[in-house]
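This briefing covers a pocket, a surface patch and a strand residue. Please look over the sequence and the structure before reading on.

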Amino acid sequence: MSEIAVAPWSVVERLLLAAGAGPAKLQEAVQVAGLDAVADAIVDELVVRCDPLSLDESVRIGLEITSGAQLVRRTVELDHAGLRLAAVAEAAAVLRFDAVDLLEGLFGPVDGRRHNSREVRWSDSMTQFSPDQGLAGAQRLLAFRNRVSTAVHAVLAAAATRRADLGALAVRYGSDKWADLHWYTEHYEHHFSRFQDAPVRVLEIGIGGYHAPELGGASLRMWQRYFRRGLVYGLDIFEKAGNEGHRVRKLRGDQSDAEFLEDMVAKIGPFDIVIDDGSHVNDHVKKSFQSLFPHVRPGGLYVIEDLQTAYWPGYGGRDGEPAAQRTSIDMLKELIDGLHYQERESRCGTEPSYTERNVAALHFYHNLVFVEKGLNAETAAPGFVPRQALGVEGG
Ligand SMILES: C[S@@+](CC[C@H](N)C(=O)[O-])C[C@H]1O[C@@H](n2cnc3c(N)ncnc32)[C@H](O)[C@@H]1O
């Protein structure tokens, strides 16, 4: 078993949680973290949210983050590669934000309140022109002004309060969850939208790219954008390089190693959402579910993708009569029986199993299932309701 060391989230987690608790709590969190660390977290979030721009030259924009009398400055740079921290302070425009208002907008619930305590200052170079610069000079100035205003617009859009559309994010990050292979996105949208404003912890098994360290991460980036207040973990059996954003952590481990999974959940659980998009080997899918489902929070979801492998022998699946070797679909069918354990005479007088008591619903789609965690405590139909057929045709 490999043990994992996971870096703590520290500042961003504190801000995510405080952002839903009102301005006073958020102000307190800003004070505890310090405005410098808060400004870094804000820049990190803008890096995540700002899409690349097709500009002929990069544009530098100054950020001033204020809290009462305190002010800290950062400069960011934007171009076709997206947004990043700039090494040089000089900027074509400066945006000033109140830290608490901006954080509420970025991380607080989308509740119709406007978070627009921002100001824009344009540098003198946006207007400096003398007639002796001629037509070419005027065109250069116009192109420069266009670049700068586009970049400012992009940063303001990234700082705006809004929910993301999962279909658009799947396209943006090249996720295969919505394409020729799978049609999962609409089902994810249906079941995940209620979590979009919540400070959720999400674990996805399978980062993508297999042995290539630099490949994969598309879905982690997508979840990070979709769950505005989410902390996202990705687990893969291979070492994965690269930074997917400040609300993503990548872990290395085997989803079929129960001891490893126990160590992992002790360090980073519980989760609101677990998605199994790993090996799709039936035995691994069942082991991961057994280890991780108990660490899903009540009201949370455990999702298993690519259930087709339950019918594929190469993955430990089977298309035929029940056999000793159970598939992932066999396990899920048992969960359906478990959901109704109260109604089954064979289960009368025996204690419910963990899943019988804690699976509240199962939602099946083609190759995809959402298992809902919740207390399954509805009582059986009363004893006077006859269990035998009444002998009434069509009754
Ligand atoms: C289909 S890809 C994941 C794609 C990614 N979730 C996405 O939607 O962009 C499957 C990944 O699972 C990883 N994997 C395979 N076996 C595994 C195991 N036993 N434990 C953890 N990860 C595993 C592979 O290395 C691969 O990167």
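Helices (H or I, at least four residues) and strands (E, at least two) are DSSP runs, numbered from the N terminus. The model shown is predicted. In it, helix H8 (218-226) and strand S7 (231-236) each supply at least two residues of the lining of the largest pocket.

**The largest pocket**
- The largest pocket holds about 610 Å³ of space.
- Its lining is made up of 33 residues.
- Nearest the centre of the largest pocket lie Gly206, Ile207, Gly208, Tyr210 and Asp277.
- H8 gives the most to this lining, with three residues.

**The nonpolar patch**
- A nonpolar patch on the surface is formed by Val171, Trp178 and Trp183.
- Together these residues have about 380 Å² of accessible area.
- Trp178 sits in the loop that runs between helix H6 (166-173) and helix H7 (185-192).
- Trp178 counts as partly exposed because its relative accessibility is 38%, and partly exposed covers values between under 20% (buried) and over 50% (exposed).

**Phe364**
- Phe364 belongs to strand S11, which spans residues 359-365.
- With a relative accessibility of 37%, Phe364 is therefore classed as partly exposed.
- Apart from its neighbours within four places in sequence, Phe364 is in contact with Leu332, Ile336 and Val369.
- Phe364 and Arg162 are separated by 202 residues in sequence, and their C-alpha atoms are 30 Å apart in space.

Note on methods. Residues are numbered from 1 along each chain as its sequence is written. This is a predicted model: local features need pLDDT of at least 70, side-chain atom pairs count only at pLDDT 80 or more; totals for chains, interfaces and linings use all residues. Side-chain values use heavy atoms; hydrogens and water are left out. Buried means under 20% relative accessible area, exposed over 50%, partly exposed in between (1.4 Å probe, protein chains only). Contact means heavy atoms within 4.5 Å. Patches are made of residues with over 30% relative accessible area and no salt bridge: like charges are joined within 9 Å, nonpolar side chains (Val, Leu, Ile, Met, Phe, Trp, Tyr) within 5 Å. Accessible areas come from the Shrake-Rupley method with a 1.4 Å probe; for residues, only the protein chains shown count as cover. A salt bridge is a side-chain nitrogen of Lys or Arg within 4 Å of a carboxyl oxygen of Asp or Glu. On a 1 Å grid over the protein atoms alone, a cavity is a set of points where a 1.4 Å probe fits but cannot get out, and a pocket is an open set with protein on both sides within 12 Å along at least five of seven lines; lining residues have an atom within 4 Å of a point. Grid points are joined across faces, edges and corners, and a volume is the space filled by probe spheres set on the points.
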